[in-house]
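These are my notebook entries on one protein chain. I looked up a sheet, a charged patch and some salt bridges.

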Amino acid sequence: MGSIARYLEDAILDFVLSGTSLGVPTDIYIGLSTADPTNDGSGIAEPSGGSYARVIANSWTTAAGRETRNSSAVVFPTATGSWGTITHWFAKDAASGGNMLAFGALSSPSSLAIVSGKTARFPANQLVVEYVSGGVSDYLAHKTLDHVFKVAPYTPPTNKYLGLSTQDPLDDASDLDEPAGGSYARVLVNSWAASVAGVKATSAVVSFAVASGSWGTLTHGCIFDHVSAGNLLFYAALGSPQSVAAGEYPEYASGAYSVTLT
C-alpha cells in the first residue's frame with residue numbers, strides 16, 4: 001500500500017480549504033528506491049546509472065474504497081548494471097527532482113535485487129495510493145485522488161462550513177449527528193492559515209450562534225461544503241466533549257480548530 005506524501009498532504013489542505021491552486025501533474029513518474037523515502041521524501045535513494053530512469057504512469061483507476069491504483073503496467077528499462085536492492089517505490093511530478101506525491105514499500109517480495117539484464121515492473125493494480133481511515137471523508141478522498149492522479153478534475157467549494165456532531169461521523173458520514181433545533185447552525189469558516197506539516201488551522205475566531213435550547217454533548221467538529229446539506233469534507237474529535245445548553249455557544253480562538261492529514 002502507498003501513502004500520500006507530505007507535499008501532497010499540505011497541497012490538498014490548501015487546495016480544499018483555501019482555494020490554492022493544485023494543478024494536475026502533466027505526467028506522473030514512478031521511481032524506485034533502495035530505502036524508505038519517508039513522508040517528506042528525504043529518504044529517497046534512487047539507483048544511479050545502469051539505464052535506470054523513472055517511468056511515466058498516467059493511467060489510474062477511478063478512486064473507490066479510499067484508494068486508486070495504476071490501471072496499466074509500469075515497466076522500467078532493462079537494467080544494464082546493478083540498481084541495488086529495491087525496497088520502495090514513489091510517485092513524483094517530474095522525471096528528476098520534483099515533488100513526491102506518494103510512496104510505498106514493496107510487498108511479495110518485500111525487496112528485489114536488480115542486476116544487469118533484469119527488468120523491474122509493476123503489473124496493473126499493484127501500485128496503490130490510499131487515504132488511511134479517519135479525518136477525511138470518503139467523498140473528499142475520492143475527489144482529491146481522482147484530481148491528482150489525472151482521472152477527473154475537482155473544484156473545491158468556495159465556502160466551507162464548520163459543524164458539530166454528538167458522535168463520530170465516520171468516513172462515510174453515516175454516523176453524523178448534528179444538533180437539531182436550539183438555534184444550531186453551521187458557521188462559515190473561510191479563514192485558514194497555510195498548511196504546515198500536514199496541519200491546517202483556522203486563522204480567525206469561529207463563533208456559533210447562542211443556543212436557544214440544548215445541543216447535547218458535542219464530540220466532533222466537521223467541515224462541510226454547504227451551509228445545511230452538501231458533503232462532509234473533514235472531521236475530527238474535539239479536544240474534549242462539550243455540553244451546550246440554552247444561553248451558551250461554542251467558540252474557537254484563532255488557530256484552535258485544525259485539520260490534519262497524516
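In which sense do strand S12 and S13 pair, and over how many bridges? I found that S12 (residues 161–165) pairs with S13 in the antiparallel sense, over 2 bridges. Two strands count as a pair if DSSP finds at least two bridges between them. Helices (H or I, at least four residues) and strands (E, at least two) are DSSP runs, numbered from the N terminus.

I noted the source of the model next. The model is predicted, so local features need pLDDT of at least 70 and side-chain atom pairs count only at pLDDT 80 or more, while totals for chains, interfaces and linings use all residues. Residues are numbered from 1 along each chain as its sequence is written, and side-chain values use heavy atoms, with hydrogens and water left out.

**Entry: the sheet.** I traced an open sheet of 4 strands in the order S13-S12-S16-S17, with antiparallel pairing. S13 (187–188) and S17 (232–244) are at the edges with a single partner strand each, so one side of each has no neighbour in the sheet. I also looked up a bridge: Leu-162 has Val-187 in S13 as its partner.

**Entry: the patch.** On the surface I found a patch of negative charge made by Asp-168, Asp-172, Asp-175 and Asp-177. Patch residues have over 30% relative accessible area and no salt bridge, and like charges are joined within 9 Å. Asp and Glu count as negative, and the place of the charge is taken as CG of Asp. Areas come from the Shrake-Rupley method with a 1.4 Å probe. Asp-175 sits in the loop between S12 and S13. Its relative accessibility is 32%, so Asp-175 counts as partly exposed (buried is under 20% relative accessible area, exposed over 50%, partly exposed in between).

**Entry: salt bridges.** I looked up a total of 7 salt bridges (a side-chain nitrogen of Lys or Arg within 4 Å of a carboxyl oxygen of Asp or Glu). One of them joins Arg-6 to Glu-9, with the closest N and O atoms 2.7 Å apart. Both residues lie in helix H1 (residues 6–18), 3 residues apart, about one turn of the helix. Arg-6 is partly exposed at 24%, whereas Glu-9 is buried at 3%.

Another joins Arg-66 to Asp-138, at 2.8 Å between the closest N and O atoms. This pair links distant parts of the chain, 72 residues apart: Arg-66 is in the loop between S3 (55–56) and S4 (67–69), and Asp-138 is in helix H2 (residues 138–148). Arg-66 is buried at 7%, and Asp-138 is partly exposed at 22%. Salt bridges with shared partners join Arg-66, Asp-138 and Asp-171 into one network.

Conventions: Patch = residues over 30% accessible without salt bridge, like charges linked within 9 Å, V, L, I, M, F, W, Y side chains within 5 Å. Buried < 20%, exposed > 50% of the residue type's maximum accessible area, 1.4 Å probe, protein only.
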